[in-house]
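The sequence and coordinates are shown first, and a description follows.

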Amino acid sequence: MLDPRLLRETPDVVRAAIAKKHLEVDLDPVLALDALWRTQLSEVEALRSRQKSANNEMAGLKKGSPEFLAKVQEMKGLSSLVKEKEASLAPTETKWRAAMLTLPNLPHASVPEGRTTEQNVVYATHGKTDVASPLARPHWEIPGFDRLFDFARGAKVTGAGFPFYVGDGARLVRALVQFFLDEGGKAGYQEVHPPILVNAASATAVGQLPDKEGMMYQTVEDQFYLVPTAETPLTNFFRDEILDEAALPVYRCAYTPCFRREAGSYGKDVRGLNRLHQFDKVELLKWVHPARSYEELESLRAHAESLLQKLELPYRVLLMCGGDLGFAQAKKYDLEVWSAGQKRWLEVSSCSNFEAFQARRAQIRFRSKESGRPELVHTINGSGLAVPRVLSAVLENNLQADGRVKLPAALAPYFGKELLSFA
RNA sequence: GGAGAGGUGACAGAGUGGUCUAAUGUGCAUGAUUGGAAAUCAUGUGUACUCGCAAGGGUACCGAGGGUUCGAAUCCCUCCCUCUCCGCCA
């Protein structure tokens with residue numbers, strides 16, 4: 001959520017910033033609701049103030065005395081008036097809040113102008129992508145792939161996009177998860193194992209509700225959502241809390257399966273492990289002092305990059321332009337791994353600074369030593385990393401002539417052996 | 001799932017219809033005292049919204065949401081959570 005005062009006092013600033021995201025947003029209804037709400041609020045408060053002082057007078061009167069009964073009669077009218085005014089205030093407030101929740105976060109000044117994916121800035125590139133290998137092929141065309149990654153049986157048991165990982169396939173998932181968690185721990189991110197169902201309040205706090213309800217799976221009996229990312233439970237860990245400034249920054253990482261409905265995709269985007277309804281991911285999250293959030297974003301990105309470097313995978317870093325920024329992000333880098341077989345880049349991490357956008361929705365604050373008052377933290381998160389696409393890149397980039405895959409040296413100890421076999 | 005007991009400020013804990021802007025204790029902050037500390041004493045000690053240039057007002061908040069009433073921390077209803085016992089269970 002945006003700062004209501006910022007919107008109220010400098011709507012033009014907000015309007016211009018949103019324009020950078022190339023979103024169609026009309027602020028006027030929100031501003032009108034804000035003005036109406038404040039008018040109604042002061043009416044109600046004035047009436048309540050009168051009611052309160054009358055109540056204090058009545059406390060001193062003898063109960064049942066003529067003066068008392070007269071006062072009761074007098075206050076009945078005021079009481080019903082208060083109820084009436086309150087009855088019109090409440091819907092205004094609800095509408096105002098709902099409207100505020102539809103407003104996107106504002107992009108940071110360093111975010112490049114642009115509308116589409118093509119206008120994202122290639123910020124950095126690591127490793128060679130021009131090595132032509134006669135062996136290179138999409139991972140789903142590697143002989144024996146179906147034995148380790150059983151999509152057919154996954155579709156039978158659950159549906160499309162829910163593969164079984166079998167044998168060395170399962171082992172590789174586990175190796176990557178543990179590698180990511182261990183590396184996170186070394187970099188100071190405390191490991192957390194969170195719930196993977198969350199309630200509506202948690203989904204709202206991070207910006208998945210109300211506008212992205214369709215992306216999440218929902219439980220029937222209870223109003224719970226299967227997490228689309230560990231970001232959801234992790235960010236909500238400190239919801240409605242006031243932290244010590246000395247405790248900042250807090251670094252956490254978490255592994256969870258992630259569940260996404262992702263309706264409407266087709267073609268090569270969804271082949272093999274590229275896009276799944278259930279996948280595994282380690283998420284990195286920071287709660288930081290607002291003054292340091294941009295340097296913290298850089299160091300989080302650097303950590304995510306170090307994972308790809310240790311796995312010896314070619315990758316590039318994109319700085320997202322305004323138009324390709326998400327709803328809640330102020331600035332975002334995407335890390336894309338080079339898929340040697342598909343000859344394309346695959347997003348494996350999105351590192352974002354949300355500034356106070358999530359913190360305001362979630363009411364995550366710290367007590368400022370300077371002012372002595374609670375202030376909103378900034379939240380930063382990024383994948384570190386998403387498993388299936390990294391996994392497919394490991395397969396495609398390290399496929400040997402004998403049909404086996406030689407694992408990166410950093411990963412081999414986790415896998416327990418150097419060679420993965422599809423046989 | 002069944003039965004019962006609860007949910008009050010940073011914490012403990014009083015308060016069962018009307019100066020509750022919530023007693024008291026602990027903690028915390030500042031000051032006094034001290035060579036310094038402890039102890040003691042004094043003062044202060046939440047959050048949010050809103051009005052105001054400011055000084056300073058106002059309103060709300062006793063798990064959440066509704067209701068009754070002139071008036072609700074207190075009474076009623078629904079829900080959530082915690083604890084105890086039973087059942088079930090990895």
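In which strand is Leu385 found? Leu385 belongs to strand β15, residues 378–386.

## Basis of the description

The structure is a predicted model, in which local features need pLDDT of at least 70 and side-chain atom pairs count only at pLDDT 80 or more, while totals for chains, interfaces and linings use all residues. Residues are numbered from 1 along each chain as its sequence is written, and chains are lettered from A and ligands numbered from 1 in the order in which they are written.

## Overall architecture

The secondary structure of chain A consists of 13 helices and 17 strands. Helices (H or I, at least four residues) and strands (E, at least two) are DSSP runs, numbered from the N terminus. Along its principal axes, the C-alpha trace of chain A spans about 100 × 45 × 40 Å.

Chain A is divided into domain 1 (28–101) and domain 2 (117–420), with bounds that come from an automatic or database domain assignment. Between the C-alpha centres of domain 1 and domain 2 the distance is 49 Å. Of the 423 residues in chain A, 38% are buried. A residue counts as buried if 20 or more other C-beta atoms lie within 10 Å of its own, as exposed if 12 or fewer do, and as partly exposed in between, with C-beta atoms placed from the backbone.

## The surface near RNA strand B

RNA strand B is surrounded by 20 residues, and the closest are Glu45, Ser49, Ala59, Met75 and Ser79. Here a residue is near a molecule or strand if its C-beta atom, placed from the backbone, lies within 6 Å of it.

Helices α3 (28–60) and α4 (66–101) each supply at least two residues of this surface. The most come from α3, which gives 12 residues. By class, the surface near RNA strand B has seven nonpolar, six polar and seven charged residues. Ala, Val, Leu, Ile, Met, Phe, Trp, Tyr, Cys and Pro count as nonpolar, Asp, Glu, Lys and Arg as charged, and the others, Gly among them, as polar.

## Helix α7

Helix α7 (residues 168–186) has 19 residues and reaches 26 Å from its first C-alpha to its last, close to the expected 27 Å at 1.5 Å a residue. The expected span is 1.5 Å times one less than the number of residues. The buried residues of α7 are Asp168, Gly169, Leu172, Ala175, Leu176, Phe179, Phe180, Glu183 and Gly184. They cover an arc of only 160° around the axis, which puts them on the same side of α7; the arc is that of the directions from the helix axis to the C-beta atoms. An α-helix has 3.6 residues a turn, so residues three or four places apart point the same way.

Just after α7, Gly188 takes a positive phi of about 100°.

## Strand β8 and its partners

Strand β8 (residues 250–259) is mostly covered, with eight of its 10 residues buried. Strand β4 (residues 190–192) pairs with β8 in the parallel sense over three bridges, where pairing requires that DSSP find at least two bridges between two strands. Within this pairing, Glu191 has Cys253 in β8 as its bridge partner.

Strand β9 (residues 278–288) pairs with β8 in the antiparallel sense over 10 bridges. The bridge partner of Phe259 in β9 is Gln278.

A cis peptide bond, with omega of about -5°, joins Leu248 and Pro249; Pro249 is placed in the loop between β7 (241–244) and β8. Another cis peptide bond joins Gly384 and Leu385, with omega of about 5°.

Lys343 has a positive phi of about 50° although it is not a glycine. Lys343 lies in the loop between β11 (331–339) and β12 (344–355) and is partly exposed, with 13 other C-beta atoms within 10 Å. Glu355, also not a glycine, has a positive phi of about 50°. Glu355 lies in strand β12 and is buried, with 24 other C-beta atoms within 10 Å.

## Two loop residues

Asn120 is in the loop between α4 and β1 (121–126) and is partly exposed, with 19 other C-beta atoms within 10 Å. Pro290 is in the loop between β9 and α10 (293–310) and counts as partly exposed, with 16 C-beta neighbours inside 10 Å. The C-alpha atoms of Pro290 and Glu375, 85 residues apart along the chain, are separated by 8.9 Å.
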